[in-house]
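Dear colleague,

Please find the structure below, together with a short account of what was found in it. I would be grateful if you could look through both before your own work begins.

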Amino acid sequence: MNYKVTAADDEPVIEILPWARAINMATHHANILLFATSIDEQRRQQFDFVGPIAETRIQLYARMDDDFTPADLSQAAAAGNIAIYRHSPAQRLLRDIADERLLISGFPQYSARQLLHKRVRYWCQAEIAVKGVLRQLDQPLTAVRPVLELAHLRLYLAFSSGTDPARVKAWHKALVALQLSGEFDALYFEWFGVKPSLPEAEVLWHSH
């Protein structure tokens, strides 16, 4: 999701965009908040981060009727194609897999549909998003099963370069207040069905 912050923050514009387009916008314009993203070295030079706000595992998913469980990523790639969405953490994790083994789309819903329609063997996705993606496709969580964990990540709010530091600090202050009040934990459980085990949120300013 791409969250575009207005000057006063009183009427924010929220846009759901392909991740590649959202990243491109945030790279070239100030006052844009990406929700939510993992951190890598390149992003540390481009964004200020507030969080963490969530944690998740990146996993390969198979259809529930597929009883083969690969021992590692190379075995999975040998067994069939893998669906991912462009510029996702999954794409970086699969950078050593041959291009012809990857089916890259703009949205995770498209990738999930490829799996459900048996056009690929696996779908690579952050665990935290799987239930919501399947719900949008009118599919139960039992339609797929995780077969291989690739990484464990923490997710953050990412503010584009040029955003007023006072605004970043205000978001940080509001997030810490939610955590201390217990409301953050309650919302997290409501959305994801588990209690968070996250440290108190901090600001990670971009490196130069």
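**Confidence of the model**

The protein chain has an average pLDDT of 90, and 94% of the residues score at least 70. Residues 1-8 have a pLDDT below 50, and this stretch makes 36 contacts in the model beyond near neighbours in sequence. Please bear in mind that the model is predicted.

**The second largest pocket**

The volume of the second largest pocket is about 180 Å³. Helix H1 (19-28), helix H2 (41-44) and helix H4 (89-93) are the elements that each give two or more residues to its lining.

**The surroundings of Val147**

Val147 lies in strand E8, which covers residues 144-160. Its relative accessible area is 9%, under the 20% cut-off, and Val147 therefore counts as buried. Leaving aside residues up to four places away in sequence, Val147 touches Leu60, Ala62, Phe68, Thr69, Pro70 and Tyr122. As for Ile32, this residue is 115 residues from Val147 in sequence, and the C-alpha atoms of the two are 35 Å apart in space.

Yours sincerely,

A colleague

Conventions: Residues are numbered from 1 along each chain as its sequence is written. This is a predicted model: local features need pLDDT of at least 70, side-chain atom pairs count only at pLDDT 80 or more; totals for chains, interfaces and linings use all residues. Side-chain values use heavy atoms; hydrogens and water are left out. Helices (H or I, at least four residues) and strands (E, at least two) are DSSP runs, numbered from the N terminus. Buried means under 20% relative accessible area, exposed over 50%, partly exposed in between (1.4 Å probe, protein chains only). Contact means heavy atoms within 4.5 Å. On a 1 Å grid over the protein atoms alone, a cavity is a set of points where a 1.4 Å probe fits but cannot get out, and a pocket is an open set with protein on both sides within 12 Å along at least five of seven lines; lining residues have an atom within 4 Å of a point. Grid points are joined across faces, edges and corners, and a volume is the space filled by probe spheres set on the points. pLDDT is the predictor's confidence in each residue, from 0 to 100.
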